[in-house]
Each structure stands twice: as structure tokens, then as C-alpha cells.
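Please look through the structure below with the explanation that follows it. The text goes from the whole chain to individual contacts.

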Amino acid sequence: MFLTKRRARAALIAGAASAALLLTSCAGGGSDAGGSDAAADGPSFIYITSDPIGQNEFLKSGKVGIDAVAESYEGTAKTYESKDDATRRSNLEAAIAEAPEVVVMLGFQFADVAKELAEQNPQQKFLLIDTFVDGAPENLYQATFREQEPSYLLGVEAGLLTQADKVGSVLSVDNELLRKYSDGFAEGAKSVNSAVDTVEPQIIGGENPFADPARGKEQALAFASTGVDQVFAVGAASNGGIIEAAAEKGFSTYGVDANQCDLAPGSVVDGTVKAVNKVVETVVGEIMDGTSSAEATSSFGLKEEGMTVVSLTEDAADSGCTVMENADVLAQVEETRDAIVSGELEIASAE
């Protein structure tokens, strides 16, 4: 169901340079793209991040998606990186001034400003990913994830693998979005192990909770001291510190957004994969094809392949995830995945 590459005109522009270019502006405010001549008359797309991309796999995936969209439509792409509310607003205002085909915003932090500026600029199409705004105007498309589904699968693994019967999550912040991860993880663990104690999540917090590995490590070490031996790391770019703590203290951890098993071989069991790139390609494709806001795909989970776990991907055998050594656990994960996809098993959301 994902966006099919438009290559019908490829033969007419043989030799043209690729149109997709990376632009960054870590202090806020975007940089202008220098697209190729062949793409000069093509559509333009702008992607705005909630935070600097850095080592944030979630934000990296959005960049991959917007570049793929630009290539598919023989146009140009720009990426503006934000760091706080002020730069999110200024980047969004700068994007609107350029009047691209679609402005894509990634992150729950855009909720209020996205609605406000979409209402003020009805001629511009916007896509807001990772949160939902009530009463959004028709030009503001929205796409969210069912994070609780792959998190439940990881919980099944944790419930089967725990030796201490204590599992829990380390979250960047305590909000409804991240609680979908921790709640799904807890429910999955309890579904296969009635003896398991699902400990209240540990919160990273601080000034930069999504990109503070040192603080993430601190919180993970404190968490591990309570006896938790299966820890779901939901810290975005802070995960490096959580995983480092797992390697030092001997507890097992689970990554988020991409395969993080190679960060500490032997310490990372598995992880969720959030295919933001596919969501960008899908929904922007629907917008470009004239699909109305009411009909556009708005929720992505296991069924839509917008989310999965590393152990269920094509490259799972080479992932380095320790769950690959447990065939019986993998069999139960696959069985549970199939039940969720078919609708036989519905995982409740914290929202």
C-alpha cells in the first residue's frame, strides 16, 4: 500500500542529477536547498523535525522518507531541524513562506502550532506525524502510530525471558504517547507470565530528555538497582546511555525506533521499528494523489507495516538481537503478531 515510485518519465530525463538533498539547521531556521536543474520545475517538499536529528533514529527515518518522496515526484526536498518551541515555529513559518506542496512535521511538540498555522494558511497542505490534534482543519493531515502493538510483542519476550520476574521501561518523558510503549510492554509481559511484576516507568527528564545519554544511563542504573532485569529503553537518542548501563550491569534491554542490538552485543534482546519513512511516503503520496483528509491513512501499526520489531524484519538473522537465539520465544512473538494483525487480539492504547 506504500507509495509506488513514479518513474514513467525517467527515460526523458536520463542523466539528470538526483533531486533529493539534505539540509540542516541545528540552531533553528532552515537552509535553502540547491536542487538540480532537472528538478527545478518539480514539486518541493519540506520536512521539519522537533529536535536536532543527531543520533535520533526516529527523526532520521523521516528524512529518508521526505527524500524518497522528492525522488518519486522528481522534485526537491528540504529538511529544517528544530531545537525548541521557538525554532519549531520559525521553521514552520519559513516553510510556509516557500509554499511547498506539503510541509511535514514530525513530533508531538508541533501539535498546537501546527493547528494554528494550518488554520491561518488554508492554501498550504500540512502533514503532522506522531500526534493527533482535535478539530484540525482539512489542510492538516495527521498520522499516528499504534506504538502499543510492537511494544506488546517485546513485552511477550520480556515476560518469557525474565529471571527476576521484574520488567519495566525507561521513558524520556512521562506523557500519553510514551506510555503507549511502556503500557504495551507491561501488558505483553503479563500476558505470558502471571508472576511478572511490571514496575512503574523510570523517567529521564532534565533539559534534553530525548538526547541525553548520560542522564539516560543514570536513570537506567538507578532502575536496575531495584532488581528489574528486562528494561525497555524508550529514550530516543538517550538510548545509548541506557544500553551502556545494561552492558555494565548485566540486565537485558530493548531498543526503540530502529535496530539498536549492535550497540551492546549480548545485552539488547530486540527493539521496535517505527517506519516513519513509509508513513511519509504513504500519506504524502495520498495528498499528492488528491485523497481527501478524511480518507487518508491516519493510523499505522503492525498491519500497515508502519511499526514492527527487529526480530520480525527481513534482516533479523543478522540483527545481533539476543532473542534470535530463542526459537520458542520467536514462535510466540510471531503467533502474537499474527493475532494482532488479524484483529483477533486488540492491544489497548493509553490514550
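Among contacts in the protein (heavy atoms within 4.5 Å) between residues at least 6 apart in sequence, 68% join residues at least 24 apart. The model is a predicted one, in which local features need pLDDT of at least 70 and side-chain atom pairs count only at pLDDT 80 or more, while totals for chains, interfaces and linings use all residues. Residues are numbered from 1 along each chain as its sequence is written, and side-chain values use heavy atoms, with hydrogens and water left out.

The protein has nine helices and 13 strands; these are DSSP runs numbered from the N terminus, a helix being H or I with at least four residues and a strand E with at least two. Of its 351 residues, 54% count as buried. Buried means under 20% relative accessible area, exposed means over 50%, and partly exposed lies in between, with a 1.4 Å probe and protein chains only.

Helices H2 and H3 (residues 111–120) pack with their axes 11 Å apart, at an angle of about 30°. Axes are lines fitted to C-alpha atoms, for helices over the stretch in contact, and angles run from 0 to 180 degrees between N-to-C directions. H2 is therefore roughly parallel to H3, since angles under 35 degrees count as roughly parallel, over 145 as roughly antiparallel, 65 to 115 as roughly perpendicular and the rest as oblique. On the H2 side the contact holds Arg89, Leu92, Glu93 and Ile96, and on the H3 side Val113, Ala114, Glu116 and Leu117. By type, the residues of this contact are five nonpolar, no polar and three charged. Here Ala, Val, Leu, Ile, Met, Phe, Trp, Tyr, Cys and Pro count as nonpolar, Asp, Glu, Lys and Arg as charged, and the others, Gly among them, as polar.

Two of the residues in that contact, Arg89 and Glu93, also form a salt bridge, with the closest N and O atoms 3.9 Å apart. A salt bridge is a side-chain nitrogen of Lys or Arg within 4 Å of a carboxyl oxygen of Asp or Glu, and the structure holds 19 salt bridges. Arg89 and Glu93 are about one helical turn apart because they lie four residues apart in helix H2 (residues 85–98). Arg89 is partly exposed at 30% relative accessibility, and Glu93 is partly exposed at 40%.

In helix H5 (residues 176–192), Glu187 and Lys190 are three residues apart, so about one helical turn separates them. Their side chains meet in a salt bridge of 3.2 Å, N to O. Glu187 is partly exposed at 41% relative accessibility, as is Lys190 at 38%.

Lys217 and Glu244 form a salt bridge with their closest N and O atoms 2.7 Å apart. Lys217 lies in helix H6 (residues 213–224) and Glu244 in helix H7 (residues 239–249), so this pair ties together parts that are 27 residues apart in sequence. Lys217 counts as buried at 17% relative accessibility, whereas Glu244 is partly exposed at 40%. Elsewhere, a network of salt bridges links Asp130, Glu147, Lys180 and Lys274.

Thr313 sits in the loop between strand S13 (307–309) and helix H9 (327–342), and is partly exposed at 29% relative accessibility. Thr313 and Val273 are 40 residues apart in sequence, and 9.0 Å apart in space from C-alpha to C-alpha.
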